Amino acid sequence: MNPETLLQVQNLSIEFGTSSGRLRALRGIDLEVPKGRIMGLVGESGCGKSTLAYSLSGLLAGNGEVSGGAILFDGADVTKMSDKELRDIRGRRVSMIFQDPMTALNPVITIGRQMLDIQYREPGTNAEKRARAARMLERVGIPDAAAQLGSYPHQFSGGMRQRVCIAMALLTKPDLLIADEPTTALDATLEVQIIELLRELQQEMDCAIVFVSHHLGTVAELCDDVTLMYAGEVVERGSVRDVFHNPAHPYTQALLECDPARMKVATRQLPTIPGMLPNLVDVPQGCIFASRCQHVWERCRSAHPHLSKTATVGHRAACHLLDAEGRT
Amino acid sequence: MSVLLEVENLVVRYPAMGRVRAALRRQEREFDAVAGVSFSIEAGQTLGLVGESGSGKSTVARTLMGLKRAGSGSIRFDGRDITRAGAQDYARLRREIAMMWQDPVGSLSPRLTVGSLVTEPLRIHGKTADMAAEAKRLLEMVGLPEHFAGRFPHQLSGGQARRVGVARALALDPRLIIADEPTAGLDMSVQAEVLNLLAEMQGRLGIAILVITHNLNVVRHITDRTAIMYLGRFVETGPTEQIFQAPRHPYTGALLSANPEPDPDAARARITLTGEMPSPRNRPSGCEFHGRCLRAQPQCSATVPEFSSAGDQHAFTCHFLVRNGAG
Amino acid sequence: MVLGPRATPELIEQTRAAMGLDRPFALQMITFFGNLLRGDMGVDVFTGRSVTTTVMEALPYTLALITASILWAAAIGIPLGAYSSIRRNTWIDRVTGILSVGTISIPSFVMALYSVLIFAVWLRWLPAIGAGEGFGGQIVHLILPAFAVGVPWVGYIARIVRASMLEIMGESHVRMARAFGLTERRITRAYVLRIAVLPAVTLIGAGVAHLFSAAVFVEVIFARPGIGALIVSAVNERNYTIVLGAVLVTTAIIVLATLISDIIIAWLDPRQREGM
Amino acid sequence: MGDVATTYKQPSALCIYARQLAQNPMGLMGAILVLIIVGIAVFGPWLAPYDPNQIMIGPRMGPPSAAHWLGTDHLGRDLLSRVIAGGRIAMLVAFVTLGAAMTVGLALGLIAGYGPKWLDNILLLVFDAIRSFPVIVFGLAVVTLIGPSLYTVILVVAITSIPIYARIVRTQTQTLRNAEFILAEKAMGAGTLRILAVHVLPNVLGPLLILASMDVPMVIATEAGLSFLGMGVRPPAPSWGTILNDGYNFIRNSPWPVIAGSAPIILVTIGFTFLGEALRDIFDPKLRRAQ
């Protein structure tokens, strides 16, 4: 493994037990996050991006189960860790920010107490820890931070709460920050502020970020690398520039075309992706995108494509069209 | 073309606290959620109303539908003043104005089938028709297969439920559709489908549409004119294309830059506004945007800006003639 | 009437005057509520004692019974509910579930009758009659009645605590606490239980009325003095003043209990403090 | 839309619910118990071996025997026959009072939840005042005024139950009132009556019926309780409460009358509670917290 690699997911599969059978939410996920880089995890609802994000710190829902593969965090497999080992990395080396800041903080405990609690393994007196918490709050832009330690979450607005969550997540200077759609619940003008803040703090602390989002524009703006997911599989990954300039997978191409922000001229007929997500209990054979793909050919229906190299280094896509033999 | 809907100086108030508390604190009991907006829609035209949460945009919709009383100002539909219309007038009006609600699934009565849902307006207004045939016709119009008539709302995806909402809105051949966040909660590819459907209906049936949204991208391709709302007032109105090409108000500029195109090399000039939208219960002095504006001058906190014209029905409220929103 | 069929007209007249019944009805009511404000609920015509004294003598017995019942029920119900929510779907959770559903709606008088039958008649472990002499005696005499009143509440409390624990465990702030590596023990005790007991406090506050109902039966069955026993004997004797006085005191206690539960909730939940 | 073809045939809803009930052991047990108890109450006169008030020649306070399955009471009456006759009274009280309380509660709850705010405030105050008062103490107060009888019991239980249903209907109605689909109906011009009947009622009725089924034991307990105190059904008419009262006076002589009087109460309680719980889980898992 490359010493610069912080997180490596190898052939990861996750299943959920549901009343209609085992839902194969993630299948054969491969990805890599180098130290100090920001990776965007992008896809539409139901693609499994949040499941993947939660599994990175071992936080799967009760009915979820890793059915294969490994998540190597700094060389250690997260999927095989005991509860104690998981706790040791959570909040110290891996932190999370959640989608809805309104519910992410405990409503009956003061901000200060919650920030003190997460430092329970750190050295120092309570007074030092409180001071550290106050400094961090100030850093994320909470006015009058020291006094706000005694406030309860409901006394803050949504944008301020998300700032508090970011302060908590970065308080212990983690190596990896997992941000699950941290701006989706916020208004556009507040989203910009949060993105800006994340970028500044990332540069200051030099941590890696896995940034989950469905918003292509935000990912293009913030991230270095991007991984695109569709129906539980990685369809394309690479640097943001390569992927967004030269999308190799038909799904990525279609998704980029759908984004109204990309269109310079007003049109009455926006491009769409016809069809529906496949059933993940009874996963179809062949390429997962075959039923909605414009370039589908016979091999797509029978053989499952692997992540193939493109013309650029580090840019890969799971499409038969990229396969040298297939292109004849 | 004739003016279909004309709103003048509309004010809508909400109670902020109980009567007793207001008396004790000697404060105003009510605040203006909508503080004097004027606009008009011509027959077959589309208007976009854009603002963030708390801007009062949904309150405008509810007032137009008669679900909320106007505090002052006037609303005229097809030449008739409906500001204080009684139940009788509204019964007639509701055949001509249809509404699409924000929550695609939640706005459908959970125990009715899709077939009954789309024909519900016919039943409410006592139309006698072959309901099954009507359901089939309406579903076909929005591109849903006939057998969907037997399904219940919870068996639909967001996009399908949205289509049912459109079908229901079309049931009585309305002249105006008010669409509140028509793309909320939908994925990008589905959003485009819904917008295409709305554009098609407007083009084919000549229905006027008022689109209410927080996302400027939504209005760009389907509206003729756009109004930007901040704190219950319009800060900029004009032809949609002009607003996109040459935004005049700094807030419009910030909103435009908040939907960046997915290109890492495109100009990263996102305008970062400081702070959050103030509460309409406690309005700032002067230009109400001055606390967050990057170009604010001493004058801004003192004087209320009037509407300045930028030609061709393009108007904005800023003391400065901003050439480009990005400054 | 109160005096029975053999009362002479003069006697009736005298009694009516003493009770103030010869005055107009509106005046009677005004006098009654006026006196009530001063803590005077009139005179018991049977014994000639002040109603306030009679009711206030009975009240401590009932309060002791209700407090003891709810305290032991909460002391067992809250940990039981919390434990079975953590050990969800294990045998202990299932047993707790069945027992709480089973005991919740068994009427208190059935529970009381069986406690008498088993512990006093068959096993002869505990006394079943009266309130006991001296502190120790009173405690011993309180055990069976408090058991009978409290048993359904163990089930009530355990159930509601379990349900709200499970709901809160699924909330996003708990996931966040886990994501920060807090121990499960700390999460359940400091982060979850504190919110999960809120509905239980509301339940108990609103349930004081039910506790009074249960106390009526238990006091009759165990021949304990108390408000409940007082009301039943007063109803049998058609002693309206006592019934009215006891009912008023009961109402006051219930209002007080609601107030106390509101204060406890405000203390536990900062979101509730705002509105107060 | 019966004439519109569906792509696949779905099993009927009732069928699914029945199967779910059968898979829930506690629910199944409850359903069987309820069926047996209701059956006995309905066919009581044909099932009872003796006249419930007939005094037997033979032992008083006798233990169970071949002739008297549950034994005899202090007057030598057959306890089984009295328990069966008491069951008829209990079921009668339960169905009459719950029917009345539900109807009135539904109407008041809809008014409070959908009507003007001031009316809601007044009704809520009345509901809460009644609800916060001990049922038995209220019952005793009513008995002092109008005297003990079966009708007093029905009146007391109905009055004290109405606020429970009214409040639940009110809360549900109020949530629905602000739901988008109701606003949508209003915007389409639907009248208040249509909204209440077509859109609110079907969403309120289910939880109400389930709660009512869980309240049957409460009603029966109140009837038995008042009768136990001598304030309900008048002797010699048999009620489970009067059987218990008779038995309590002689509890040191024989446990059988107490056991005979309480066993049906316990069985009814368990039956209806388990059934109600299971129904609630099947129809509306969200309701679990409302209680």
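Where in α3(C) does a kink of about 30 degrees lie? In this predicted model, where local features need pLDDT of at least 70, side-chain atom pairs count only at pLDDT 80 or more and totals for chains, interfaces and linings use all residues, the bend sits at Leu59(C), shortly before the proline Pro60(C). Residues are numbered from 1 along each chain as its sequence is written, chains are lettered from A and ligands numbered from 1 in the order in which they are written, and side-chain values use heavy atoms, with hydrogens and water left out. A bend is the angle between axes fitted to the seven residues ending at a residue and the seven starting there; helices (H or I, at least four residues) and strands (E, at least two) are DSSP runs numbered from the N terminus.

Over in chain A, four strands make an open sheet, ordered β2-β1-β4-β5, with antiparallel pairing; strands pair if DSSP finds at least two bridges between them. β2 (21-34) and β5 (76-77) of chain A stand at the edges with a single partner strand each, so one side of each has no neighbour in the sheet. Two bridges join β4 (residues 64-73) of chain A to β5(A), and Phe73(A) stands opposite Ala76(A).

As for nonpolar cores (buried Ala, Val, Leu, Ile, Met, Phe, Trp, Tyr and Cys residues joined through side-chain atoms within 4.5 Å; buried means under 20% relative accessible area, with a 1.4 Å probe and protein chains only), the largest has 244 residues, and Phe211(A) and Leu140(D) touch the most other members. Helix α8 (residues 184-221) of chain C gives this core its largest share, 20 residues.

Key: Buried < 20%, exposed > 50% of the residue type's maximum accessible area, 1.4 Å probe, protein only.
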